[in-house]
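The following questions and answers are meant to be read beside the sequence and the model. Please consult both as each answer is given.

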Amino acid sequence: MIIAIDGPAGAGKSTISKLVASKLNFQYIDTGAMYRGVTLKFLRLNIQPDRVSEKITELQTEIQMDGERIFLDGEDVSQEIRSIEINQAVSAYSAIPAVRLFLVELQRAMAVDQNILVDGRDIGTYVFPKAELKIFLTANVEVRAKRRFLEMQEKGESVSFEEIVSNIESRDRIDSQREMAPLKKADDAIEIDTSAMNIAEVVNRILSLYEMKQREGLNR
Ligand code: CDP
């Protein structure tokens, strides 16, 4: 079974996804981490988005996902991909079709023969259009920025609230306006606005939607 959780930046996808996946004993796949990892690699190679070739031959990198961790050629970059620099660059690299095709192939390969919960922007619309349960998580931009601000403060990153608002707005714009597989709610996704919900409420809502789907499946 596949559960797809999509939504804009800072809607709480990864926090919620990790909890739901562990409750259901599903493998969690954080596709945002994969786009962040590729971005880190291009930044290290000093290759600008407009210099990425169609075959992305520049990116000779093995990407491995292990739950919440991501490895580039064996190096654990799980912390580094959450930096402000990556936040600022990731949407531009993610809009490149060759980058997306490369990562989507990896994502589909990970789904073989296991129950997975996948979070991202295009999971229900493009990567797994047949996912059995699709959730679209949203929240207003102030709430999303506040959550991200607290997260960054906890990590000791010095960044202002205004910078976070502007980064979230600009990523949402690029992500939803790109040509290939833009951020968009799938027609059959269930939207949950988390602006006024706490983590446990969102997790419970998804778990009850999952149970409903299970029952529907059994009654078919
Ligand atoms: O955690 P947050 O919502 O801030 O972002 P993320 O899920 O880590 O994703 C980072 C960026 O990767 C997004 O802003 C998109 O540009 C890109 N992304 C994408 O294009 N497609 C996905 N399936 C997942 C992420």
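Q: With which side chain does the side chain of Ser 83 make a polar contact?
A: A polar contact is a pair of N or O atoms within 3.5 Å; within protein, one must be able to donate a hydrogen and the other to accept it, and residues adjacent in sequence count only if both atoms are side-chain atoms. This is a predicted model, in which local features need pLDDT of at least 70 and side-chain atom pairs count only at pLDDT 80 or more, while totals for chains, interfaces and linings use all residues. Residues are numbered from 1 along each chain as its sequence is written, and side-chain values use heavy atoms, with hydrogens and water left out. At 3.3 Å, the partner of Ser 83 is the side chain of Glu 85.

Q: Is Ser 83 buried or exposed?
A: Ser 83 is placed in the loop between strand 5 (75–76) and helix 3; helices (H or I, at least four residues) and strands (E, at least two) are DSSP runs, numbered from the N terminus. Buried means under 20% relative accessible area, exposed over 50%, and partly exposed in between (1.4 Å probe, protein chains only). With a relative accessible area of 14%, Ser 83 is buried.

Q: Is Asp 113 buried or exposed?
A: Asp 113 belongs to the loop between helix 4 (97–110) and strand 6. Its phi is near 60°, a positive value in a residue other than glycine. The relative accessibility of Asp 113 is 77%, so this residue counts as exposed.

Q: Is Ala 181 buried or exposed?
A: Ala 181 is found in the loop between helix 7 and strand 8. Phi of Ala 181 is near 45°, again a positive value in a residue other than glycine. Its relative accessible area is 11%, and therefore Ala 181 is buried.

Q: Within what arc do the buried residues of helix 7 fall?
A: The buried residues of helix 7 are Ile 164, Asn 167, Ile 168, Arg 171, Asp 172 and Asp 175. The arc is that of the directions from the helix axis to the C-beta atoms. Seen down the axis of helix 7, these residues line one face of the helix, because they fall within an arc of 130°.

Q: In what order do the five strands form an open sheet?
A: Two strands pair if DSSP finds at least two bridges between them. Strand 1 (residues 2–6) and strand 7 (residues 133–138) run parallel and are joined by four bridges. The edge strands, each pairing on one side only, are strand 2 (27–30) and strand 8 (190–193). The pairing in the sheet is parallel, and the order is 2-6-1-7-8.
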